[in-house]
Amino acid sequence: MLSTEEQAEYERLRRHAGVRHRRLRYSGAGVLLVLALLLAPLSVAAAWVDDQVSDTGRYVQTVAPLASDPAVQDVVTDRLTARVVAEVDVEAVTEALATTLADAGAPPRVVEASESLTEPLRSAVRDVVDRTISRVVTSDVFAQAWEGANRRAHAAVVSMLTGEREGALRAEGDTVQLDLGQVVDEVRQRLVDAGFEKAAAIPDTERTITLFQAEELSKAQDGMRLLNIMGAWLPVLTVALAALAVWAAPRHRLMLLVTAVGVGVMMAVLLVALALLRRAYLDAVPSATLPPDAAAAIYDTFVRFLRDSTRTLLVVAVITALAAYLYGPGRGARAVRNIARRGTSAAGRSLSRAGMRTGSAGLALAEHRSWTTGIVIGAGVLALVLWNHPTVGAVALVAGLVVVVLIVLETLAAAAQHPAATGTGPAAAP
């Protein structure tokens with residue numbers, strides 16, 4: 001048996017060890033949290049870049065709206081119109097007209113008047129070309145051509161950067177080669193169909209053309225592989241660090257609240273950075289090169305998925321922080337829980353009076369309330385994880401469904417706790 005002094009010393013050492021252990025856990029959780037928060041915006045950006053660079057479908061989905069944007073359509077129309085009009089030698093046309101009139105014996109005044117038709121003719125040509133190109137650019141034909149061109153170009157670049165031997169554009173060592181196999185086959189078949197039967201003997205050799213040599217190609221391919229790894233695993237690492245921070249902290253709920261608030265702040269910082277980057281981009285693009293409205297449309301289109309993902313994570317962080325707070329001991333949280341409990345209890349009594357008894361199932365729900373709550377919340381989290389690129393609307397939908405399911409389960413549990421209201425339960429027995 002320990003003496004009184006020994007017992008007191010033992011308790012003091014035990015408390016000291018407990019305090020030290022808690023401090024170590026808080027320190028470790030703090031380090032993990034800082035790492036997770038620093039990696040959070042990088043993870044979002046890496047996942048977005050990986051989507052745009054390696055996923056052709058995602059890239060095409062990103063740039064497709066540009067084909068129907070009025071500002072971009074105006075730029076394309078103006079550029080194409082200028083190119084076409086530049087190819088038309090209006091001066092030669094007016095000179096030929098003047099020469100023809102002079103040779104035909106037209107009066108000098110008429111000949112001189114024909115020479116002054118250069119600018120009106122150029123204006124008329126521009127108007128006709130502009131209307132024609134505008135009709136094409138604003139039609140579905142341009143949108144389909146835009147999407148097809150971007151899809152083929154992006155797929156070729158991805159094939160080259162990943163070193164895959166699929167598609168027309170391939171990488172061999174430090175050279176970029178164009179595979180003409182399909183072109184050779186098509187030409188050979190058309191020549192045969194046209195009556196040149198000997199064209200069938202065209203050999204299959206030399207089906208590739210070396211476009212250029214790139215000493216940095218291997219480095220670009222290494223960067224592509226690193227990007228694939230970062231885009232896939234950096235978000236997983238960030239989530240793992242945040243989860244470890246919550247688990248390591250002595251007060252899990254409080255650390256979850258702090259983590260959610262921290263992630264929300266980092267997402268807000270990323271949104272501000274995107275806004276500042278937008279302003280810097282617009283200021284850097286000369287208006288003569290690209291009009292401000294078209295430049296803004298291009299920037300907003302390219303980063304819209306990154307902005308949407310950031311907003312989605314911001315909403316998730318806010319919902320998580322709110323949930324962590326509502327499960328805490330705060331006065332406001334207790335008031336909300338009491339209101340919710342009174343509401344579900346009243347609904348449960350109403351069900352009991354109406355004869356809708358939940359029986360043993362309701363009692364099991366009441367007894368294992370924490371388990372059912374965790375399962376429902378976990379199912380909601382799993383739904384968001386499995387959701388392909390969830391949006392703010394998707395998060396709101398899943399959160400609403402989780403709340404509705406929890407209310408229904410609480411109501412069913414409350415119905416089992418009020419059998420006396422029906423006059424037939426155990427409480428009504430003599």
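In the predicted model, helices α10 and α11 are roughly antiparallel to each other. Helix α10 covers residues 252-284 and helix α11 residues 292-326; their axes come within 8 Å and cross at roughly 170°. Angles over 145 degrees count as roughly antiparallel, and the pair is therefore assigned to that class. The residues of the contact between α10 and α11 comprise 24 nonpolar, 3 polar and 5 charged.

The unreviewed UniProt entry lists "transmembrane region" for residues 29-49, 226-248, 254-277, 312-328, 370-387 and 394-416. Residues 370-387 are 94% helix and 0% strand, with the end C-alpha atoms 26 Å apart. In residues 394-416 the corresponding values are 100% helix and 0% strand, and the end C-alpha atoms lie 33 Å apart.

The helices α14 (369-386) and α15 (392-416) also contribute to the lining of the largest cavity, each giving two or more residues. The count of cavities of 30 Å³ or more comes to 1, and the volume of the largest cavity is about 50 Å³. Its lining consists of Leu365, Arg369, Thr372, Thr373, Leu406, Leu409, Glu410 and Ala413. Helix α15 provides the largest share of this lining, with 4 residues. Sorted by class, the lining residues of the largest cavity are 4 nonpolar, 2 polar and 2 charged.

The loop between α14 and α15 contains His389. This residue is not a glycine, yet His389 has a positive phi of about 55°. The relative accessibility of His389 is 33%. Buried residues fall under 20% and exposed residues over 50%, so His389 counts as partly exposed.

Burial was also examined in helix α2, which spans residues 56-63. This helix is mostly covered, as 6 of its 8 residues are buried. The buried residues of α2 are Thr56, Arg58, Tyr59, Val60, Thr62 and Val63.

Key: Residues numbered from 1 in each chain as written. Predicted model: local features only at pLDDT ≥ 70, side-chain atom pairs only at ≥ 80, totals over all residues. Heavy atoms only, no water. Axes fitted to C-alpha atoms, helices over the stretch in contact; angles between N-to-C directions. Parallel < 35°, antiparallel > 145°, perpendicular 65-115°, else oblique. Nonpolar A, V, L, I, M, F, W, Y, C, P; charged D, E, K, R; others polar. UniProt positions renumbered as here; feature names shortened; annotations may be inferred. 1 Å grid on protein atoms, 1.4 Å probe; cavity = no way out; pocket = protein on both sides within 12 Å on 5 of 7 lines; lining within 4 Å. Points joined across faces, edges and corners; volume = space filled by probe spheres on them. Buried < 20%, exposed > 50% of the residue type's maximum accessible area, 1.4 Å probe, protein only.
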